[in-house]
Amino acid sequence: MNEKAKTVLKIHDISLSFGALQVLVDVSLELREREILAIIGPNGAGKTSLLNCISGFYKPQKGKIFFDDREISNMQPYKRAAIGIGRTFQNVEIYSGLTALDNLMIGRHPIMENGLVSGALWFGRGRRIEIEHRKQVENIIDLLELEPIRESPGAFLTYGQRKKVDLGRALAMKPKMLILDEPMAGMNLDEKEDIVRYVLDFHQLWGIPVILVEHDMSVVMDIADRVVVIDFGIKIAEGTPAEVKSNQKVIKAYLGAAIQKN
Amino acid sequence: MHVDIEKIDTLSKALRFQTQKYGDKIFMCHKDLGIWNPYTWNEVYANTELVHLGLISLGLQRGDLVGIIGDNDPRWFWAEYAVQAAGSIVAGMYVDYHYAEVKYVLSFSKAKFAFAKDQEMVDKIVQVKDSLPDLQKVFYWEEKGLWFYDYPWLMSYRELQELGKEYKKTHPNLFEENIDKTKPNDPAVIMLSSGTTRMTGDGVPRSQMAVMSHRAIMLNLAGIMKYDPWYDTDRWVSFGPPAWGEQYFGITAPLMAGTEICFPEEPETILHDIREISPQKLIYSAQLWEMMASEIQSRIGDANRINRFLFNKFISLAQDVVEMKRKGKKVPFWLKWLDELGNVVSLRPMRDNMGLKHIRNAYNSGALLGPDTIRYFHALRVPIKQLYGTTEIGLHCVHPDEEIDYETVGRVINPDCMKISSEGEILVKGPMVASFYLNDVEAWKKNFDEEGWYHTGDSGFINDRGHLIFYDRMKDMVTVPSGRKFSPQYVEARLKFSPYIKGCIIIGGGKKEFVSAIVTIDYENVGNWAETKHIGYTTYVDLSQKPQVYELIKKDIQRVNENLFDEIKIKRFVNLHKEFDADDAELTRSGKLRRKFMEERYADLIKSIYSDERSYEVVASVKYKDGRTGSIKTQVKIERIG
């Protein structure tokens with residue numbers, strides 16, 4: 001990626017601990033425009049904690065987070081969503097009583113301009129706005145090939161389909177950046193290939209920068225522009241997939257050699 | 001109603017004629033982004049013109065070949081009309097072709113241009129483009145994922161139409177003039193024949209390409225419409241592969257009759273979309289009808305007790321009535337009354353649910369449909385007509401509405417053009433037959449005898465009502481040691497009526513002293529059944545080998561055995577560890593068994609069936625969609641019956 005590309009998200013020296021447990025230690029990283037940044041590391045390395053710091057569910061004790069040149073370290077999670085930080089979850093969290101379509105419409109909620117009354121009465125402006133939003137949602141349905149399950153309630157969907165709906169909802173809020181927490185976990189090869197294609201598709205189409213946490217190394221090496229490696233809460237490497245692959249620290253972290261020595 | 005094919009003698013002229021007649025009436029309807037988008041005759045004509053002029057500006061000439069691959073879509077149809085108006089030929093391909101098959105079709109036909117629906121289809125061409133020197137441009141209509149493809153030969157459908165728009169400025173009347181230049185005997189389409197055992201170097205079947213002229217196609221349909229009229233108030237669901245029967249019924253018949261064509265959003269949404277369309281006319285392959293019958297049965301299985309009880313009673317009563325009528329017996333008035341009650345209470349709601357409420361004629365194409373399945377649908381008031389036609393000869397029979405008989409494939413439309421040889425082979429001749437095989441005129445000539453009859457290789461019989469009864473391919477008819485002849489396909493069709501059996505192949509005849517079956521289970525339905533019986537399973541392989549599943553399948557085979565002569569009763573069977581798959585070349589793309597190939601492929605298994613062994617270890621090679629190969633190893637049980 002172009003070094004001069006504008007920085008979208010900047011994390012500066014954050015540290016997070018729960019009581020005596022040190023989860024993140026002085027982690028810094030940058031996400032640039034039109035970039036897919038993968039965060040990898042062994043289980044329990046602190047990847048999801050780092051994501052939670054970005055979306056605001058955890059508050060780091062030290063350090064600052066900037067998004068679009070503005071500090072968001074103290075902002076509430078729902079406000080962060082409204083300014084354009086979208087995410088999917090490792091454990092799929094979609095509304096099981098709503099159809100796939102309605103789940104996606106909910107994703108539009110933070111950016112719907114109409115108020116309660118005009119939304120409820122559904123005529124005039126309220127109706128126009130809803131139709132416009134539905135159009136956008138239909139584009140996402142098309143992109144993620146959700147047509148066959150458009151009207152199916154969340155509870156009836158398979159795991160892979162729920163993950164797709166989750167991704168669709170994150171896309172529906174028109175994010176300026178997107179955090180994907182293990183979007184391919186528990187999927188079979190076909191479904192994985194599909195998700196990879198969707199990620200590349202919306203990334204190409206809308207240029208949304210993506211932070212991706214993923215365990216499948218072949219996927220990461222294939223699609224990431226840069227990779228950050230975290231182990232025991234410490235950033236141990238950063239670079240292109242090829243650089244990271246040959247980094248001795250990374251090999252040790254994954255093969256466990258470091259632990260044996262100590 | 002229908003165009004007069006003596007005056008309007010090409011497909012392109014029919015398009016122009018109907019456009020002048022219908023103008024702003026809706027011709028095509030396509031669901032996209034959740035909404036039905038209508039296209040009027042005028043719009044279709046205008047779009048076709050732009051594609052046509054775009055192609056001409058890129059150098060399309062008379063006699064050139066253009067390949068198309070993709071799901072049914074108005075843009076496929078426009079492209080086809082546009083190509084034909086230039087006096088060029090269309091070669092349609094199946095979406096599930098893998099790249100080697102695409103390469104075979106495009107290279108053998110020396111296609112100059114190709115249309116591909118989306119990234120998936122374009123990728124197939126990208127793989128083989130280097131070996132296709134004649135292919136100049138490829139046009140795609142779904143842009144998703146292709147935004148950053150940078151091949152000089154790749155162009156979007158929209159850009160092509162833009163070129164057409166530019167070209168129109170300097171050649172405003174060219175489309176009209178080219179339509180005038182089309183002649184009835186111009187080749188219009190290539191139909192890929194499937195009954196072949198020859199392979200290319202890439203291991204794909206070397207299908208012959210039969211060339212159909214404008215006139216041959218129109219005559220075929222005019223014949224059908226004589227007994228089975230189409231109206232401009234009808235709706236047609238375009239769902240079958242356009243490389244197959246849809247070529248006649250979807251692309252051409254509406255041109256001749258003014259029928260509206262509806263395109264579902266995705267192939268997977270057909271069962272949902274068909275309810276919104278509620279068509280009068282429909283063609284499904286035998287596989288799909290069988291799937292639909294299974295779907296109805298499994299839905300009823302999940303219904304509440306009262307509904308289930310009523311439906312099962314009424315459908316079996318209705319089947320009895322259908323059978324009585326067919327045999328010409330008088331139906332007692334109380335039975336008629338009960339049957340009508342059943343229709344209102346149970347059958348009509350089911351029909352509505354399946355989107356078949358307005359069905360007037362439904363066709364079955366591809367393989368023959370078992371009589372049980374047909375009776376079932378007739379009882380549901382869905383009058384399925386079996387069609388008989390092959391790639392080379394087109395369609396020669398159809399059931400008039402008042403003569404539907406599910407044991408036959410319909411009345412012979414033109415008795416002068418069809419006869420049965422002394423060996424029982426169906427022979428045809430006349431202008432409906434294809435013109436020749438592309439690049440293989442020698443092989444084409446071998447199909448004819450001295451009197452000019454085309455030998456279909458099918459065995460059949462014309463009964464005293466003038467209906468054709470189709471048995472099977474001549475070479476597939478089997479003689480058991482006792483001397484009795486039978487058609488394996490017939491037994492297979494009966495077996496496949498079971499919701500639990502998805503596919504099967506019947507083995508027997510020659511020196512084999514009894515008949516046996518290789519069955520593939522229906523994963524979904526057997527899986528659901530296993531769940532209700534609390535039988536745990538992991539994969540298809542595991543499920544297929546469960547003793548309880550063997551018992552389940554055995555019962556179905558015994559039911560079929562009851563109606564078979566003793567010598568051809570099935571004595572042994574196996575549940576295969578995998579489904580039959582066209583990617584393994586076990587089926588043709590239209591879903592027919594490639595029998596000879598299968599018998600070679602499973603030669604060892606068949607040998608075990610006829611020995612004393614009780615199980616057999618299979619190491620099957622599997623070919624994946626992307627062309628890789630792998631192998632699975634498993635034990636398959638050999639079960640005996642009676």
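## Contacts and the model

Two residues are in contact if their C-beta atoms, placed from the backbone, lie within 7 Å. By that rule B:I68 touches B:W76, B:A79, B:E80, B:V90, B:G92, B:M93, B:A114 and B:F115, leaving out residues up to four places away in sequence.

This is a predicted model: local features need pLDDT of at least 70, side-chain atom pairs count only at pLDDT 80 or more, and totals for chains, interfaces and linings use all residues. Residues are numbered from 1 along each chain as its sequence is written, while chains are lettered from A and ligands numbered from 1 in the order in which they are written.

## Confidence in chain A

The predictor's confidence in each residue, pLDDT, runs from 0 to 100. Chain A has a mean pLDDT of 85, with 91% of its residues at 70 or more. Over residues 258-262 of chain A the pLDDT is below 50. Beyond near neighbours in sequence, that stretch has 2 contacts in the model.

## Two cores

A nonpolar core is a set of buried Ala, Val, Leu, Ile, Met, Phe, Trp, Tyr and Cys residues joined through C-beta atoms within 7 Å. Buried means that 20 or more other C-beta atoms lie within 10 Å of the residue's own, with C-beta atoms placed from the backbone.

The largest nonpolar core has 143 residues. Among those with the most contacts inside it are B:I68, B:A114 and B:M212. A second, separate core has 65 residues, including A:I65 and A:L167.

Terms used. Buried ≥ 20, exposed ≤ 12 C-beta atoms within 10 Å, placed from the backbone.
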